[in-house]
Amino acid sequence: MSRSLKLYIAGLVTMGVVALVVTSLVYPVHTAIGLEFDGAPGVSSAERLIGVGFWIVVSLFASALPVQMPRGILVAVSIAPIVAAMNLGGPAAAALVALFGTTEVRELRGRIPWYGTLSNHAGVLIPAAVAGVVLEALRTLATGLPADLVATLIGALVYFALNLVLVSGLITLRLGGDFRTVLLGDMRVFAANLVALTPLGWLMARMYATEGLGWWATLLFALPLYTTRLVYQRLMEMREMFTQTIGALAEAVDKRDPFTSKHSQRVKQIAVDIGRQMRVSDAELEALEWGGLLHDVGKIGVPDAVLLKQERLTREERIIMNAHPVLGAQIILPVTKLAAELPIIRHHHEWFNGSGYPDRLLGDEIPKLARILHVADAFEAMTAARPYRMTPLTAEQALGELRKFAGVQFDPIMVDAFVRTSWVEGVADPGQRPAPRPIPLIAQVAERMQMAKPESLVAGRRGGGTPDSV
Ligand SMILES: [Fe+2]
């Protein structure tokens with residue numbers, strides 16, 4: 001665990017303890033949350049505690065099986081009972097329900113380290129306490145049910161925002177990457193949660209407080225809470241299934257050549273890591289993930305005689321091989337969900353100086369994600385054995401090649417971003433070339449005017465003097 005993560009967790013836990021103590025002292029639990037059982041008039045302290053206990057149990061059921069989002073944030077439907085407890089019992093009740101009611105089965109089984117459990121609970125306790133205080137303040141401004149609903153919604157918004165910030169900070173420190181990307185990554189899911197579950201929490205509180213209905217009526221809401229959780233789970237399962245299917249397809253392509261097994265999986269990982277360094281958006285990271293897996297899918301249409309040939313390719317064979325980006329884009333075209341991946345697949349062999357294929361795009365004309373993938377593809381190809389080069393290059397040699405051809409074959413910015421990834425951590429970096437070769441813009445434009453010849457597909461040489469990434 002890094003020192004900054006230790007400090008963050010210690011700060012989070014300290015703030016959690018302070019929030020619990022302060023809210024308990026300043027805001028006694030309201031009587032509205034009390035569950036009357038002794039028949040005596042008024043609501044005793046014990047009855048209030050039992051009321052809090054009831055909401056902790058409801059929250060425990062809601063938290064028992066959280067759904068994990070792609071970036072690691074857990075979504076549980078426990079927000080509804082926490083909002084209800086905040087509405088009925090005030091900040092201290094909300095803090096207690098958040099603290100104990102968000103315990104997960106994994107924690108009880110010891111699958112989460114103690115510091116993870118502590119920080120997770122502090123990450124909900126602090127927002128619940130602060131949101132409760134905000135709700136109390138708003139209630140002094142207006143009374144009545146509509147005002148109560150609005151105040152509760154605003155309180156819930158505070159809870160969500162604070163929880164998201166605290167958890168994103170924790171994930172960023174634990175897994176690395178960019179805070180903003182993590183924060184915005186699952187924002188939509190959180191917003192959907194906010195819209196769907198906060199009014200439900202408020203309704204549960206109103207049911208609970210209504211004479212003649214009470215605690216048992218709130219349990220009727222268990223079903224919509226459960227189905228909401230089920231929807232999240234199904235969504236995540238669908239995404240996972242899609243990724244696995246794409247992975248299987250990519251592996252089927254890679255497996256045709258014994259030398260390229262797992263190539264696409266590794267390219268995907270490297271590309272995603274460069275994307276993180278480039279602070280691309282969440283949608284772009286997903287495109288890199290799926291585009292990385294599928295970038296060579298067009299090789300499915302390259303005959304074995306060419307794909308598996310160990311000797312140098314002839315000019316005709318090279319043309320067939322170099323058609324794979326276009327073929328791959330044609331294969332993926334009917335899959336509307338993969339529209340963002342199309343430019344990556346089509347342009348992952350374009351060169352920064354415009355001499356790549358299939359469209360001879362130049363510099364920034366090449367889609368950003370394709371420029372990222374090109375670096376990832378080349379590094380993976382150079383550091384893996386190939387029939388024409390049985391001894392792979394070392395990471396240091398491969399990085400040297402990337403640096404050497406930055407500005408020619410590769411976008412220097414993407415090479416810089418790659419250098420910051422863990423793939424070359426501790427590897428000697430020759431650094432940027434002192435004077436990058438200028439892009440032959442005029443020559444390029446002149447050439448384009450007489451282009452559209454089949455020869456334009458001939459670029460790059462297998463086993464030649466430049467880093468290969470066929
Ligand atoms: Fe390729």
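Trainee: Which residues in H3 are buried?
Mentor: One reminder before the answer: this is a predicted model. Burial is read by counting C-beta neighbours: 20 or more within 10 Å makes a residue buried. In H3, the buried residues are Ile 79, Ala 80, Pro 81, Ile 82, Val 83, Ala 84, Ala 85, Met 86, Asn 87, Leu 88 and Gly 89. That is 11 of 11, for a helix running over residues 79-89. In the protein, buried residues make up 41% of 470.

Trainee: Why does Gly 89 count as buried?
Mentor: Apply the count. Gly 89 has 27 C-beta neighbours inside 10 Å, so it counts as buried.

Trainee: What does Gly 89 touch, beyond residues up to four places away in sequence?
Mentor: Its partners are Val 29, His 30, Ala 32, Ile 33, Gly 51, Val 52 and Ala 94. Take Ile 33: it sits 56 residues from Gly 89 in sequence, yet their C-alpha atoms are 5.1 Å apart. For the whole protein, take contacts with a separation of 6 or more: 71% of them join residues 24 or more positions apart. Just after H3, Gly 90 has a positive phi of about 90°.

Trainee: How do I read a helix pair? At what angle do H2 and H3 cross?
Mentor: Read the distance and the angle together. The axes of H2 (residues 45-63) and H3 come within 8 Å and cross at roughly 165°. Angles over 145 degrees count as roughly antiparallel, so H2 and H3 are roughly antiparallel to each other. Their crossing is left-handed.

Trainee: Which residues make that contact?
Mentor: H2 supplies Gly 51, Val 52, Trp 55, Val 58, Ser 59 and Ala 62. H3 supplies Ala 80, Pro 81, Ile 82, Ala 84, Ala 85 and Gly 89. By class, the contact has nine nonpolar, three polar and no charged residues.

Trainee: Now the cores. How many residues has the largest nonpolar core?
Mentor: It has 55. Those with the most contacts inside it are Ala 85, Ala 93, Ala 94, Ala 95, Leu 125 and Ala 128. Elements giving two or more residues include H2, H3 and H4 (91-101). H6 gives the largest share, 11 residues.

Trainee: What is Ala 128 in contact with, leaving aside its neighbours within four places in sequence?
Mentor: Ile 82, Met 86, Ala 94, Ala 95, Ala 98 and Tyr 159. Apart from this core lies another, of 48 residues, with Ala 287, Val 297, Ile 344 and Leu 399 among them.

Conventions. Residues numbered from 1 in each chain as written. Predicted model: local features only at pLDDT ≥ 70, side-chain atom pairs only at ≥ 80, totals over all residues. Buried ≥ 20, exposed ≤ 12 C-beta atoms within 10 Å, placed from the backbone. Helix = DSSP H or I, 4+ residues; strand = E, 2+ residues; numbered from the N terminus. Axes fitted to C-alpha atoms, helices over the stretch in contact; angles between N-to-C directions. Parallel < 35°, antiparallel > 145°, perpendicular 65-115°, else oblique. Left-handed = near helix turned anticlockwise from the far one by under 90°. Contact = placed C-beta atoms within 7 Å. Nonpolar A, V, L, I, M, F, W, Y, C, P; charged D, E, K, R; others polar. Core = buried A, V, L, I, M, F, W, Y, C linked by C-beta atoms within 7 Å.
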